[in-house]
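Please read the following briefing alongside the sequence and coordinates shown below.

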Amino acid sequence: MADFTRRQLLAAGSAAAVLGLGGVRPAFSQASVDFAGKTVEWWMPFSEGGGSDVWARFFAPYLSKYLPGNPNVVVRNVPGGGSITGSNEFVARARPDGLAILGTSGSTQFPFLLGDPRVRYDYAKLIPVLVSPTGGVCYLPAKFGVKTPAELNKIKDQDLVYGSQGATSLDLVPMLAFRLLGLKVRHVFGMQGRGDGRLAFERGEATIDYQTSSAYLTNVTPLVEAGTAAPMFSWGVLDAQGNVARDPTFPDLPHFVEAYEMMHGKKPSGIEYDAYLAFFGSGFAAQKPCMLPEGTSDDIVATYRKAFADAVADPELQKAKGDVLGDYTQAVGSDIEQLYKVATTIKPEARDWVRNFLNTEYQVKL
Amino acid sequence: MIDVFVTSLQNLLTLHHLSYMMIGVAIGLVVGILPALGGIAGMSLLLPFVYGMEPTAAIAMMVGLLAVIPTSDTFSCILMGIPGSSASQATVLDGFPLARKGEAARALSASFSASMIGGLFGALCLTAIVIVARPLILSFTSAELFMLAIFGLSMVGVLSGSSLAKGVAACALGLAFGAIGTAPANGGERMTFDSLYLMSGLEITIIGLGIFALPEVLDLLRGQTSISSTGKLGQGWLTGVRDTWREKWLTLRCATIGACVGLMPGLGGSVSDWISYGHTVQSAKDKSQFGKGDIRGVIGPEAANNSCAGGNLIPTLLFGIPGSGSMAIFLAAMILIGLQPGPGMADPKRDLDLTYTVVWTLALANVVGTAACIALSPSIARLTTIRFVLFAPFMILIIVFGAFQSTRSFEDILALLVIALTGIFLKRFGWPRPAFLIGFVLAGQVETYFYQAVQFYGYGFPLRPIAVAIALITIASLWFTSRSRQAPKEETVPGGITTDIDFEREEDETAAAKNLWPQVIFTAVTFGFFIFTIAEGAQNSFLDAVFPVSVGIVGLLTAAFVLFWQVRGATGRGPAGTVNFDLDDGASSGSLWRFVGWLVGFVIAIGLLGFTLALVGFFLTFLKVVAKSSWLQASVLTAAAVGLVLVLTSILNMNLPGGLLQHYFYSQLVWPLR
């Protein structure tokens, strides 16, 4: 009830701002929000040293630089429960004053999309201010003699092995992709990270693998040069209209949808493809959203969106981004809503299909 | 190749590089000395500063820190019985009894010199091995790693003390505790009671603190005036160094174990720690003093954990796969400063010089760190002569705070309480706690690698050549163990501090109880827990059920065996033999439960009022009631404790655990209270 009143007040406040100041409102909103001397806590539901933690820590100094008043931006790790714990705590605790933001990853989005009953956060209510995409490349042992996805039919009856982190982890995306392509892949679970999967591939235990872009460049490119591995396709990225497009890091490599067409001669479609697309968007194309709590005033939201837009445009950030952000376009400003929606929504029938698939094929109880 | 060495040496020996290394060493010393803050906390402290630093400076700083932590965390192991990190739990077993005998000085200097030799030897091995490390690591597949885990489990035979059945049961208990959480194969949840907290399993830190540290603290509280029973530090600095020199081959063997285990991604520091302790006990002729303060029990694991930290660097640098929690942060920091680890790190034409710089920085930092530790020891060791009732609340605070570091939730503290109760009973009834720890540490590896090996290679996986070799080593090791178990016992020095590694057999009457019913009840509860493990495990899909059900059955059988003999003894139908063990039977020094009550009270207060207020209340009442301090002394000590906690939390940027007060009035409270 108190919350509702506060929201009403805030709405009334911003409405008043619009009425009173008309066209100069953006300038007003910038000036009215000042974080001088404050500390912004960037909640991180993962432990120190993970990919998302690195991402937040990379952005933190730039966010501080471009927020009015240059607040101190600190990353606060609240790990546990596969990132559900920290995110639940954020929505229960964080006040909409612009001093607490939440950064999540595909592994936080997946349980939400799958309808895990322990999830108490609702992405539809959080307000995105930055969305960072990522990508990856799927590759095979060169000995199969498959040079392009068009030749994948050669191995469609062969038993392939993939080292997976688990059926409901980010490796759900390759699982759905391989199934869609019609490849016979056995998923060996219990890998501690994609690095383990690559190790299994190098040992010859696994016969199909993918790595995220930076790990692919440093660790798989030498294998490709040595003639032991052959790249097949990238996952691709989503353009502003929400279509799958080629990964800017690998412009010469077909993306998954192209690979499907090369193999099957037609575009993928149907409920399985809908499901794939939802999890691909959430796990790759819009993997890491940064959000403000429900009920944050429009002023603060606009301030944050501008700060992130300025940060991304900063030549210093562009110079330093290296492997942390890769060559991917960071969604900021007005581009954000479309990508955020892709990352955080799924058609109900696609969700039911995935839940049923995981339950019957892998005994996952949700 | 030579030019690579030269370039690395030039990098290493610049003032710039050395001064950053010294900063890392200094922070590592502080973090290591503060109990329960290990490498992960230290690296997280550095992480915000690393960003934007010049790469070689950042690396020098981080490696300096990583090198010194396994050395400096020995202080809390030996002086307080609190494992400084998960990779130094075994040091507590003999190090703490040595401190209680008044030989803290000797134990510290022996362990520091062993650490240094271990670290240097590790660096030497790594220098030689870097070039071939990639194929070497690749040749150890899930099948070989599973066999290594089994080898680790076989150490239970050595560490079981008087009753092998209890040893195996304790190990099964550890394995069952390790099975709590999400299963590796199909992701089924086992024994989680639908709680998010248990979903990711119990943390090794909490297990170490609960099983070793808290039972010792509570035990010390009844009666002991200071940790050192003689109230003295002992004059033993040179003796300790001489001890290490006498055991130089043991030191080198354990350093080799550490480097090898560290090299394998996926095994980790605690595994190397326990395997090297097992090896130390196994290779000793006179085993009677282990667990009661045998200097070799300190030297072995300390040599291993330093070289293991070095070994860990290799998979991190060459494959980008972190070998431990602190390595994960090291890896993250490398990516932040624009270095992506990979095969290029072993390529003489690319970054091999950087790898050598890292390895040698590690060696150099080891030497510097050891020197600093030795210099600091005399003053720090004085802690053991402080009146214990004044010191105990600090230890309890540190243990609780350390446990809370795991996931930073109140559940960490509840888990600590449950584990500590388990630890108290294991200790009291002579269930070997090292066996429990080995089981817990290896549970994940045994299950995951078994499942993966079967998936990759079928059930014939143990026939792979390296796997066969490891199997033969395991069998040889078991054979030696069984021979030494039958060897005649030597007379032991009476009055030794009895802990669970008790190699006495039937003739040991001191711990054999007249009233066996308490033991019977504990064994029956354990029996019940194994039934629960089987029942909970069996609800999952086949792949997720195999491990808990098998462990449960082994535990059930051994517990039944123990129970049979104990009931026999309790009902007077015959002697209970080696399974009869109760440290508390007829104890005269007051009850332990009074102090357990204090601990429970503290935890309840945290749950109601949040950490800061509970801390103030606990300190003031404990110091007034138990230590009978003056108000002045009590308030000064309380202020010191609160100050310590607040400084640490603000540096580590974390919130303290909240209670119901925080839950309902979060918005109205300000920082230290919320």
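**Cavities, interface and domains**

Seven cavities of 30 Å³ or more are counted, where a cavity is a set of points, on a 1 Å grid over the protein atoms alone, at which a 1.4 Å probe fits but cannot get out. Grid points are joined across faces, edges and corners, and a volume is the space filled by probe spheres set on the points. This is a predicted model in which local features need pLDDT of at least 70 and side-chain atom pairs count only at pLDDT 80 or more, while totals for chains, interfaces and linings use all residues. Residues are numbered from 1 along each chain as its sequence is written, chains are lettered from A and ligands numbered from 1 in the order in which they are written, and side-chain values use heavy atoms, with hydrogens and water left out.

**Second largest cavity**

- The second largest cavity has a volume of about 90 Å³, and of the 11 residues that line it (an atom within 4 Å of a point), Pro35(B), Ile398(B), Phe401(B), Leu644(B) and Leu648(B) are the closest to its centre.
- Two or more lining residues come from each of helix H18 (388-404) and helix H26 (631-652) of chain B, helices being DSSP runs of H or I of at least four residues and strands runs of E of at least two, numbered from the N terminus; H18(B) gives the most, with four residues.
- The lining divides into 10 nonpolar residues, one polar and no charged, with Ala, Val, Leu, Ile, Met, Phe, Trp, Tyr, Cys and Pro taken as nonpolar, Asp, Glu, Lys and Arg as charged, and the others, Gly among them, as polar.
- At least three lining residues are drawn from each of domain 1 (2-187 + 195-476) and domain 3 (593-673) of chain B, the bounds coming from an automatic or database domain assignment.

**Interface of chains A and B**

- Contact (heavy atoms within 4.5 Å) links 51 residues of chain A with 48 residues of chain B.
- The area buried between chain A and chain B is about 4,100 Å², of which carbon and sulfur atoms give 53%; buried area is the accessible area (1.4 Å probe) that two parts lose on being put together, summed over both.
- Arg118(A) forms a salt bridge with Glu189(B), the closest N and O atoms being 2.9 Å apart. Arg118(A) lies in the loop between H5 and E4 of chain A and Glu189(B) in strand E2 (residues 189-190) of chain B, so the pair joins two chains.
- Not counting residues up to four places away in sequence, Arg118(A) touches Ile84(A), Asn88(A), Glu189(B), Leu196(B) and Met199(B).

**Domains**

- Chain A is assigned domain 1 (33-133 + 286-344) and domain 2 (136-283), whose C-alpha centres lie 28 Å apart; their contact takes 15 residues from domain 1 of chain A and 21 residues from domain 2 of chain A.
- These two domains of chain A bury about 1,400 Å² between them, 64% of it on carbon and sulfur atoms, and Phe110(A), Tyr328(A) and Val342(A) supply 42% of the area that domain 1 of chain A buries against domain 2 of chain A, more than any other three residues.
- The count of salt bridges between domain 1 of chain A and domain 2 of chain A is zero.
- Chain B is assigned domain 1 (2-187 + 195-476), domain 2 (517-579) and domain 3 (593-673), and 39 Å separate the C-alpha centres of domain 2 of chain B and domain 3 of chain B.

Terms used
1 Å grid on protein atoms, 1.4 Å probe; cavity = no way out; pocket = protein on both sides within 12 Å on 5 of 7 lines; lining within 4 Å. Salt bridge = Lys/Arg side-chain N within 4 Å of Asp/Glu carboxyl O.
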